[in-house]
Amino acid sequence: MNKHRSSFEAYYSIPKLLLYLSVCSVIIIACFLLVLQGLSDRVVPLSIAGVSGLTFFGSLGVLVIFRLFNRREQIRIDSKGVMVREIWSSVIPHESIEAVGLDKNFLWLCLLQPENYPARSLYRRLFGNLASGLPKGCHYIVDRQYDCSIDEILDALEHFRPKTKHQLEVERLIAASGSD
């Protein structure tokens with residue numbers, strides 16, 4: 001990341017979204033064939049499975065299409081704080097972020113007063129912590145749909161986020177022990 005930039009921004013990745021859309025399309029075609037096969041053979045469970053798949057993957061495909069045309073920034077990290085459009089509608093000040101961590105599939109942020117920054121989507125409010133296994137007040141960011149990696153997001157957080165008193169004290173102690 002360029003250390004002289006005033007902010008870090010990430011957008012939806014067109015190539016990644018097109019890949020997801022093509023996978024959805026193949027599955028939708030397979031589900032449509034299941035429905036046709038179920039109807040022609042009069043096998044109701046097969047038709048129900050096909051319709052369920054069409055509904056789920058069709059909805060997912062529509063979501064991906066909407067995201068293909070959404071060119072607004074999805075993640076912004078700057079000196080003011082962090083904005084992840086999928087999670088929050090406002091910027092979360094760095095002082096309100098208690099911890100940042102990295103898991104094998106996602107980056108997580110834990111907030112000091114999460115009730116002040118409710119998640120935008122109903123899914124995130126109801127199931128976000130269950131799906132990720134994170135405690136209440138923590139939110140996860142997955143890089144699969146963005147034009148950057150988790151490492152780039154983490155680098156931006158490290159660059160723009162002010163150091164805590166504890167971090168400054170640890171650095172001071174390390175510097176003092178190194179000068180001996």
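Val84 touches Gln74, Ile75, Ile141 and Tyr146, when residues up to four places away in sequence are not counted; contact here means heavy atoms within 4.5 Å. The structure is a predicted model, in which local features need pLDDT of at least 70 and side-chain atom pairs count only at pLDDT 80 or more, while totals for chains, interfaces and linings use all residues. Residues are numbered from 1 along each chain as its sequence is written, and side-chain values use heavy atoms, with hydrogens and water left out.

Val84 also belongs to the largest nonpolar core, a set of 29 residues in which Phe8, Ile75, Ile77, Val84, Trp88, Ile141 and Ile153 touch the most other members. A nonpolar core is a set of buried Ala, Val, Leu, Ile, Met, Phe, Trp, Tyr and Cys residues joined through side-chain atoms within 4.5 Å. Buried denotes a relative accessible area under 20%, exposed over 50%, and partly exposed in between (1.4 Å probe, protein chains only). At least two residues of this core come from each of β1, α1, α2 (44-68), β2 (75-78), β3 (81-84), β6 (107-111) and α4. The greatest contribution is that of α4, with 6 residues. These helices (H or I, at least four residues) and strands (E, at least two) are DSSP runs, numbered from the N terminus. A second, separate core of 6 residues includes Phe106, Cys138, Tyr140 and Val142.

Aromatic rings were examined next. Rings of Phe, Tyr and Trp (its six-membered ring) pair if their centres lie within 6.5 Å; planes under 30 degrees apart count as stacked, over 60 as edge-to-face and the rest as tilted. By this rule there are 3 aromatic pairs. The ring centres of Tyr12 and Tyr146 are 5.9 Å apart and their planes lie at 5°, so this pair is stacked. Because Tyr12 lies in the loop between β1 (7-10) and α1 (14-41) and Tyr146 in the loop between β7 (138-141) and α4 (150-160), the pair ties together parts that are 134 residues apart in sequence. Tyr12 is buried at 5% relative accessibility, and Tyr146 is buried at 0%. In another pair, Phe56 and Phe57, the ring centres are 4.9 Å apart and the planes stand at 90°, so the arrangement is edge-to-face. Phe57 is partly exposed, with a relative accessible area of 22%.

The largest pocket holds about 630 Å³ of space. On a 1 Å grid over the protein atoms alone, a pocket is an open set of points where a 1.4 Å probe fits, with protein on both sides within 12 Å along at least five of seven lines; lining residues have an atom within 4 Å of a point. Grid points are joined across faces, edges and corners, and the volume is the space filled by probe spheres set on them. The lining comprises 22 residues, of which Arg67, Glu86, Val142, Arg144 and Gln145 lie nearest the centre of the pocket. Two or more lining residues are given by each of α1, α2 and α3 (122-132). The lining divides into 14 nonpolar, 4 polar and 4 charged residues, where Ala, Val, Leu, Ile, Met, Phe, Trp, Tyr, Cys and Pro count as nonpolar, Asp, Glu, Lys and Arg as charged, and the others, Gly among them, as polar.

Arg42, in the loop between α1 and α2, has a positive phi of about 55° although it is not a glycine.
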